[in-house]
Amino acid sequence: MEIIRVEFIKSSPDLKSCPKPSFPEYAFAGRSNVGKSSLINMLTGHKKLAKTSSSPGKTQTINHFLVNGAWYLVDLPGYGYARTSKTVKKEFPALIRDYLLNRRTLACLFVLIDCRHKPLENDRDFITWAGESQVPLALCFTKADKLSAVQLNHRLDLYRKKLGETWEALPEFLVTSSVNQQGRKELLDIIDRSNTLMNS
Ligand code: GTP
Ligand code: MG
């Protein structure tokens, strides 16, 4: 799939402020700093479309980007980080929960996981919650440029094992890097297939 045109539509503080649900949309969730905004920039080929930062907690609103006038990429705030607290915040912001449970045009949620980390409790809690809430999802292991192929496979195996304890059929696994564009084609293929299904 070719990305010809991308427009920033709006930044919304809550679900009711989001643009009219008229196109299929693909949202990116995950711990703060996992690389959600960077991945949106990598996919679209626009370095500064979504705002990124080396310190966690940069994205605080729901951001809609319209691609080819036909579907949305949605950048969400992260979870697992609270500026006010030294302990890791476990629950997921109400804004994310409300959006994921009630946005009827959500075609797929990409849950991003930093491939350098062992399965973390809040990632597992989030994936389980989304799965049980019937949110269609795929897992996306980010920052793959930071690990060797052997290390990466080891991490993916760990995740398959851990999730296999509770999931009957595992969600799709993708591996990405916003630095070297790894996984771009695979991710856009998923979106392309889903768009075709939604329009048929
Ligand atoms: P919040 O908006 O705070 O939730 O963070 P985010 O998930 O949107 O992360 P963001 O895209 O802002 O990236 C966080 C940091 O990770 C930045 O310093 C990025 O440059 C870096 N980063 C993101 N993706 C990659 C990647 O694929 N490889 C490497 N090496 N660094 C990355
Ligand atoms: Mg962000």
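Modeller: With one contact. This is a predicted model, and in it a polar side-chain atom of K143 lies 3.0 Å from an oxygen atom of ligand 1.

Biologist: How much of the area that ligand 1 exposes when taken alone does the protein bury?

Modeller: Ligand 1 alone exposes 650 Å², and 86% of that is buried by the protein.

Biologist: Which side chain has an N or O atom 2.7 Å from an oxygen atom of ligand 1?

Modeller: That side chain belongs to K36. The backbone can take part in such pairs as well: an N or O atom in the backbone of G78 is 3.4 Å from an oxygen atom of ligand 1.

Biologist: How many residues surround ligand 1?

Modeller: There are 22, and the closest are K36, S38, G57, T59 and S178. Sorted by class, this shell holds 13 polar, 6 charged and 3 nonpolar residues.

Biologist: How does one find empty space in a protein?

Modeller: A probe the size of a water molecule is rolled over the atoms, and this shows where space is left empty. Here the largest pocket holds about 410 Å³ of space. Its lining has 25 residues, of which N33, V34, G35, S38 and K143 are the closest to the centre.

Biologist: Where does ligand 1 sit?

Modeller: Ligand 1 sits in the largest pocket.

Biologist: Which helix gives the most to the lining of that pocket?

Modeller: Helix 1, residues 36-44, does, with 3 residues. By class, the pocket lining divides into 16 polar, 6 charged and 3 nonpolar residues.

Technical notes: Residues numbered from 1 in each chain as written. Chains lettered and ligands numbered in written order. Predicted model: local features only at pLDDT ≥ 70, side-chain atom pairs only at ≥ 80, totals over all residues. Heavy atoms only, no water. 1 Å grid on protein atoms, 1.4 Å probe; cavity = no way out; pocket = protein on both sides within 12 Å on 5 of 7 lines; lining within 4 Å. Points joined across faces, edges and corners; volume = space filled by probe spheres on them. Helix = DSSP H or I, 4+ residues; strand = E, 2+ residues; numbered from the N terminus. Nonpolar A, V, L, I, M, F, W, Y, C, P; charged D, E, K, R; others polar. Near = heavy atom within 4 Å. Polar contact = N/O pair within 3.5 Å; in protein donor to acceptor, adjacent residues only side chain to side chain. Areas by Shrake-Rupley, 256 points an atom, 1.4 Å probe, with all protein chains shown as cover. Sits in = over half its atoms within 2 Å of the grid points.
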